[in-house]
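Dear colleague,

I am handing over the structure we spoke about, and below it you will find what came out of looking through it. Please read the notes with the structure open beside them.

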Amino acid sequence: MQQTSLRLRWGLLLAAAVVIGLCSWLAFGRHKPDKIQATLPVSVSAARVAMADIPVAIQALGAAQAWQGVVIRAQVNGRLQRVTVQEGAEVKAGDLIAEIDPAPYRALLVQAQGALKRDQAQLELAQLDLKRYHQLAAQDSIALQQVDTQGAQVKELEGTVLADDGAVDSAQVNLAYCRITSPVTGRVGVRLVDAGNLVGTSDTNGIITINQLEPIAVVFSVPQADFQRLSDASDAFSRSLATQAYSQDTGVLLGAGELTVADNHVDASSGTVQLKARFPNTSRKLWPGQFVNVRLTLKVLHNVMMIPSTAVNRGPEQTFAYVIGADRKVSVSPITVASIEDTKAVIAAGLQPGQTVVTDGQMSLKPGSTVIVREPAPDSAVPSDANAAASTATGAHISKTLTTS
């Protein structure tokens with residue numbers, strides 16, 4: 001009995017020791033990794049606060065179109081005798097494009113000219129007779145009614161001659177229409193009708209198209225809310241505004257031009273206003289029908305404080321940025337954002353030029369966290385003047401130093 005009691009006592013002591021050890025591990029042991037983790041620096045990206053010139057712009061989706069686009073159609077009926085230009089060729093205004101068989105219209109011109117000469121001869125004879133009748137009437141040799149009748153015949157023949165003149169002019173115009181010339185300078189498109197086919201004024205497709213590519217137009221629309229800003233910036237469109245067109249696929253700049261036309265009404269169905277910009281397009285990077293991203297610059301904010309827009313953090317009570325100190329620890333700095341233009345934020349208050357702010361990795365930060373700054377991207381800050389560029393280069397050097405330290 002005594003041995004059983006002793007074994008029970010030792011079993012209880014052993015169980016108590018196990019429980020005490022487990023509680024100690026739960027209370028102290030599992031927090032050690034968190035403490036170790038808290039001491040590890042956080043890898044972030046950063047950029048310097050810089051002073052720069054920031055353009056204020058409106059962005060929109062646009063489409064390029066020929067500054068002048070012409071569909072060459074037949075103005076008379078006949079057989080298409082030849083097309084004198086190659087597809088894709090460059091033509092100038094006045095160059096011969098195509099010819100329609102002129103023989104029927106040349107014959108009609110000759111007929112009209114013959115009728116004109118016949119009626120002119122009749123008119124001359126009637127005028128001579130009228131002159132004689134006036135002389136005889138003065139001698140009281142014929143009745144005045146005969147003079148009046150002859151005068152009416154002269155006027156009738158004058159009308160006939162005038163109609164003949166119109167017929168000759170019409171025949172000459174139709175004959176001239178057999179030679180089709182280019183009304184604009186531009187590039188020839190794909191031929192729609194081959195030589196030998198009958199063409200006419202009822203054909204809607206035309207023979208060939210010509211598009212003027214230099215200059216070229218880009219048409220786009222802006223919301224009516226932005227239209228007033230645009231009107232104010234251009235003094236009611238009395239001066240042009242700089243416009244850029246970018247590729248939708250690669251984002252590459254395709255051309256720079258200027259706003260030339262604003263439509264005279266707001267589209268009630270969409271609440272937008274259509275605009276047209278003119279691009280010189282000497283490099284031929286813009287092509288009719290091509291969709292582009294349009295950036296319309298309203299004004300330029302000179303020498304303002306800017307940071308990448310990714311450095312701006314919005315909390316429930318304030319907007320702030322993480323500032324990296326000399327000891328590689330971050331602090332929260334409340335900021336006032338004046339505006340965000342493209343990828344840049346204009347800062348009105350809360351930062352100083354030369355400070356370093358975190359642009360990526362903020363989710364792992366809290367005030368006092370130690371950071372390691374990754375190698376900055378080439379465009380982490382994009383100042384527009386030499387001083388700001390030098391400041392950015394200095395920031396990159398300091399960031400690299402922080403990374404290696």
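Ser 333 counts as buried because its relative accessibility is 13%, where buried means under 20% relative accessible area, exposed over 50% and partly exposed in between, with a 1.4 Å probe and protein chains only. Ser 333 sits in strand β18, which covers residues 330-334; helices (H or I, at least four residues) and strands (E, at least two) are DSSP runs, numbered from the N terminus. Leaving aside residues up to four places away in sequence, Ser 333 touches Thr 319, Phe 320, Ala 321, Val 323, Gly 350 and Leu 351, a contact being heavy atoms within 4.5 Å.

Before going on, please keep in mind that this is a predicted model, in which local features need pLDDT of at least 70 and side-chain atom pairs count only at pLDDT 80 or more, while totals for chains, interfaces and linings use all residues. Residues are numbered from 1 along each chain as its sequence is written, and side-chain values use heavy atoms, with hydrogens and water left out.

**The protein as a whole**

The protein has 6 helices and 22 strands, and buried residues make up 35% of its 405 residues. Of the contacts between residues at least 6 apart in sequence, 75% join residues at least 24 apart. The mean pLDDT, which is the predictor's confidence in each residue from 0 to 100, is 84, and 83% of the residues reach 70 or more. Over residues 379-405, however, pLDDT stays under 50, and the model has 35 contacts beyond four places in sequence for them.

**Helix α3**

Helix α3, residues 103-138, has 36 residues and reaches 53 Å from its first C-alpha to its last, close to the 52 Å expected at 1.5 Å a residue, the expected span being 1.5 Å times one less than the number of residues. Which residues of α3 are buried? Among them are Tyr 105, Leu 109, Ala 112, Leu 116, Asp 119, Leu 123, Ala 126 and Leu 130. An α-helix has 3.6 residues a turn, so residues three or four places apart point the same way. What covers the buried residues of α3 includes α4, residues 144-177. Just after α3, Asp 140 takes a positive phi of about 60°.
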